[in-house]
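Open the model in your viewer and keep the sequence panel beside it. We will go from stop to stop, selecting a few residues each time.

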Amino acid sequence: MEGTIPAPPGPEGPPPRVRRKAARWAAGLLLALVSGPLLCRACDVDGVTPVPQLLAFLPWLLAPAGAALVLAAGTRWAAGCAWGLAAVLGTLYFLPPYEAGGATASGASGPAGPEVAHLRVLTANLEFGGATPGLLEALRRERPDLVSVQECSPQECAPALDGAGVRAAYPYRIVVGGGRAQGSALLSRFPLEPDGSVRGTLAMPRALVRVAGKRLLFQVAHPMPPVAGGVELWRTELGRIRAMAAARGEAPTVIAGDFNASQDHAAFRAVLDTGLRDSAALLGRSRTPTWPSLTAPPLGAQIDHVLLSPALEPRHARFLDLAGTDHRGLVVDAVLRG
C-alpha cells in the first residue's frame with residue numbers, strides 16, 4: 001500500500017522567546033511614552049515638547065498604560081508589571097479636579113454675602129471667525145450678560161458684532177486685534193470701561209464692568225498654544241495671565257477664554273493658585289472636552305475655561321457645539337455676592 005504523502009509543513013511563527021521579547025519591548029515603549037508626562041505632572045512642571053502636548057490628554061494615557069500592563073503581565077515581566085501598575089495608578093491619581101489652596105474643587109466653600117446679581121458668561125473661540133453665525137445664534141438663544149470672543153476676525157466677526165441687533169443687545173463692547181486669529185471681543189449688557197490688556201501675541205483685552213453697583217473685572221484669555229518650538233512663549237503668556245490674576249485686588253473677577261491649557265498643565269494651575277476657581281470643575285465637569293470639536297466629546301481636552309474669583313458662585317455650566325470652529329463654547333451661570 002502506498003503511504004500517504006504528508007502535507008508540507010506550514011509557516012512557523014517566531015519562536016516564543018522572540019514573541020515574548022517583542023511584547024516586552026512594546027510594553028517598555030508604551031510605558032516610556034506615558035512616564036514622561038506623569039513625571040512632569042508629579043513634579044509640577046510642563047517640560048518640553050512633546051510633554052505639554054501629551055499632558056493636555058492626560059486621561060487618555062490610561063489606554064497605553066493599561067495596554068503595557070497587559071503585555072507585561074502576559075510575558076511575566078515583573079518589572080514591567082510594577083512599572084505598568086504605577087503608570088495606571090499615577091494617571092488615575094491625577095484625574096480628579098485640581099486642588100488649589102488645599103480645598104477640593106467640589107468641596108470648596110461658596111462665597112459669603114447676599115446675592116446682588118445673576119450673571120451669564122459665554123466664551124467662544126471662532127477659529128478665524130468661521131463660527132461667527134453660530135456665535136450670533138448662541139447670543140440670541142443663550143442671552144449671556146458677558147461674552148468673551150477669541151479669533152474674532154476683522155472680515156467676518158467684527159462687522160457682525162457691529163450689526164444693529166447685536167449692538168442693541170450689547171451696547172458696551174471692546175473689539176480689538178487686526179488678524180484672523182489675533183482679534184478678540186468683549187461684549188457686555190452692563191456699562192464698562194477699558195482697563196488695559198494682558199500683553200500677548202493674540203489680543204487679550206480687559207474691562208471694568210459695573211454690575212449692581214460693583215466694579216467687576218472681565219478679562220479675555222487667549223495665550224498662544226504650546227506648539228513645538230513655542231512652548232516657552234505659551235508659558236510666558238500664561239504667566240502674564242497669572243500675574244494679572246494675582247494683582248486683581250478685591251474686585252470680583254471673571255477670566256474667560258481659550259487658555260490653550262488644561263488642569264494638567266502647571267502653567268494653568270499657577271493661575272488657579274491665585275485664588276480663581278474653574279467653573280466647570282466646581283460643577284463636576286472638569287474633564288468635559290472642548291477641543292478639538294471634531295472628537296469632543298468624547299475624546300479631547302478641556303482648554304476653554306471660565307475662571308471666577310470667590311465673590312462669584314457658579315450654578316450651571318453648558319458646553320455648546322458651534323459650527324465652523326474647532327472649539328466648543330462654554331456658558332456659565334453664576335451669582336455675584338456682595
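Select Ile174 first. Its bridge partner in S4 is Leu186. Now widen the selection to S3 and strand S4 (residues 184-188). These two strands pair in the antiparallel sense. Five bridges join S3 and S4. Keep in mind that you are looking at a predicted model.

**The sheet**

Next, show the whole sheet. How many strands form it, and in what order? Six strands form an open sheet, and the order is S3-S4-S2-S1-S12-S11. The pairing is mixed. In general, strands of a sheet pair through backbone hydrogen bonds, either parallel or antiparallel. Colour the edge strands: strand S3 (172-176) and strand S11 (312-321). Each of them pairs on one side only. Now follow the sheet from strand to strand. The twist averages 10 degrees from one strand to the next.

**A residue in S12**

Select Leu330. You will find Leu330 in strand S12 (residues 328-337). Is Leu330 buried or exposed? Its relative accessible area is 1%, so Leu330 is buried, a word used for values under 20%. Show what surrounds it. Leaving aside neighbours within four places in sequence, Leu330 is in contact with Val121, Leu122, Thr123, Asp304, His305, Val306, Ala317, Arg318 and Phe319. Leu330 and Glu142 are 188 residues apart in sequence, but their C-alpha atoms are 11 Å apart in space.

**Helices H1 and H3**

Move on to helix H1 (residues 16-42) and helix H3 (residues 62-74). They pack at an angle of about 150 degrees, and their axes are 8 Å apart. Angles over 145 degrees count as roughly antiparallel, so H1 and H3 are roughly antiparallel to each other. Their crossing is left-handed. To see the contact, select Ala23, Ala26, Ala27, Leu30, Leu31 and Val34 of H1.

**Helices H3 and H4**

The crossing of H3 and H4 is left-handed. Residues to select on H3 include Leu62, Gly66 and Leu69. On H4, pick out Gly80, Cys81 and Gly84, among others. The contact of H3 with H4 divides into ten nonpolar residues, four polar and no charged.

Conventions: Residues are numbered from 1 along each chain as its sequence is written. This is a predicted model: local features need pLDDT of at least 70, side-chain atom pairs count only at pLDDT 80 or more; totals for chains, interfaces and linings use all residues. Side-chain values use heavy atoms; hydrogens and water are left out. Axes are lines fitted to C-alpha atoms, for helices over the stretch in contact, and angles run from 0 to 180 degrees between N-to-C directions. Helices (H or I, at least four residues) and strands (E, at least two) are DSSP runs, numbered from the N terminus. Angles under 35 degrees count as roughly parallel, over 145 as roughly antiparallel, 65 to 115 as roughly perpendicular and the rest as oblique. A crossing is left-handed if the near helix is turned anticlockwise from the far one by less than a right angle, and right-handed if clockwise. Contact means heavy atoms within 4.5 Å. Two strands pair if DSSP finds at least two bridges between them. Buried means under 20% relative accessible area, exposed over 50%, partly exposed in between (1.4 Å probe, protein chains only). Ala, Val, Leu, Ile, Met, Phe, Trp, Tyr, Cys and Pro count as nonpolar, Asp, Glu, Lys and Arg as charged, and the others, Gly among them, as polar.
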